[in-house]
Amino acid sequence: MQPYEERLTAPRSWWFIAVLVGVALALILLPLGTLPMLGGLIGGGALATVAVSSYGSVRIRVVGGALVAGDARIPVEALGTPEVLDAEEARAWRTHKADTRAFMLLRGYVPTAVRIEVTDPADPTPYVYLSTRHPERLAAALTAVRA
């Protein structure tokens, strides 16, 4: 089976908002003159774009017998069976069912997720919660690597 890789990119509307931040800063600096206005447009837009890009650059991968989610690298042997969560169940695990000790890589703009119990007795983390647009594919990749 092919290794799994997914990038949780930010929605298109966020990019539009980043442009609007630049425009807003340009309008704020307009009374100071044309050059400060252009600086505000370019600088504000660039900073907002960098913020959106960095937030939307997180990756989830299953490679080399490990689950790599953001900065975390977890051996597949330390994980239990993945549980695919639909939008309603994912919301429940993000809110009232959530455990503060869990590793959660969540993005509010991604409605579905996968929850995986951590079976390593030395690890205090009870489970891993990963927002993903393709929960069935991620669960299948994890299951295939374990087999």
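Mentor: Start with Thr-125, which sits in the loop between S7 and S8. Helices (H or I, at least four residues) and strands (E, at least two) are DSSP runs, numbered from the N terminus. This is a predicted model, in which local features need pLDDT of at least 70 and side-chain atom pairs pLDDT 80 or more, while totals for chains, interfaces and linings use all residues. Residues are numbered from 1 along each chain as its sequence is written, and side-chain values use heavy atoms, leaving out hydrogens and water.

Trainee: Why is Thr-125 called buried?

Mentor: Its relative accessible area is 17%. Buried means under 20%, exposed over 50%, and partly exposed in between, with a 1.4 Å probe and protein chains only. The value for Thr-125 is under the 20% cut-off, so the residue is buried.

Trainee: What does Thr-125 touch?

Mentor: Leaving aside residues up to four places away in sequence, Thr-125 touches Arg-101, Ala-102, Phe-103 and Val-118. Contact means heavy atoms within 4.5 Å. Ala-102 is 23 residues away in sequence, and its C-alpha is 5.1 Å from that of Thr-125.

Trainee: Thr-132 lies in the loop between S8 and H4. What makes Thr-132 buried?

Mentor: Thr-132 has a relative accessible area of 0%, so it is buried. Beyond residues up to four places away, it touches Tyr-4, Glu-6, Leu-8, Val-110, Thr-112, Ala-113, Val-114 and Leu-138.

Trainee: How do you know whether Arg-73 is buried or exposed?

Mentor: Arg-73, in strand S4 (residues 72-75), has 54% relative accessibility and therefore counts as exposed. Arg-73 still touches Val-63, Gly-64, Ala-66, Leu-67 and Val-68, not counting residues up to four places away in sequence.

Trainee: Why is Leu-41 called partly exposed?

Mentor: Leu-41 belongs to helix H2, and its relative accessibility is 35%, so it counts as partly exposed. Apart from residues up to four places away, Leu-41 touches Gly-22, Val-23 and Ala-26.

Trainee: Why are H1 and H2 called roughly antiparallel?

Mentor: Helix H1 (residues 12-29) and helix H2 (residues 34-55) pack at about 155°, with axes 7 Å apart. Axes are lines fitted to C-alpha atoms, for helices over the stretch in contact, and angles run from 0 to 180 degrees between N-to-C directions. Under 35 degrees counts as roughly parallel, over 145 as roughly antiparallel, 65 to 115 as roughly perpendicular and the rest as oblique. H1 and H2 are therefore roughly antiparallel.

Trainee: Which residues of H1 and H2 make the contact?

Mentor: Among them are Trp-14, Trp-15 and Ala-18 of H1 and Met-37, Leu-41 and Val-52 of H2. By class, the contact has 14 nonpolar, six polar and no charged residues. Ala, Val, Leu, Ile, Met, Phe, Trp, Tyr, Cys and Pro count as nonpolar, Asp, Glu, Lys and Arg as charged, and the others, Gly among them, as polar.

Trainee: What makes a set of residues a nonpolar core?

Mentor: The set holds buried Ala, Val, Leu, Ile, Met, Phe, Trp, Tyr and Cys residues joined through side-chain atoms within 4.5 Å. The largest such core has 26 residues, of which Ile-60, Leu-67, Leu-130 and Leu-138 touch the most other members. H2, strand S2 (59-63), strand S3 (66-69), strand S7 (113-118), strand S8 (127-131) and helix H4 (135-146) each supply at least two of its residues. A second, separate core of seven residues includes Trp-93, Ala-102, Ala-113 and Tyr-127.
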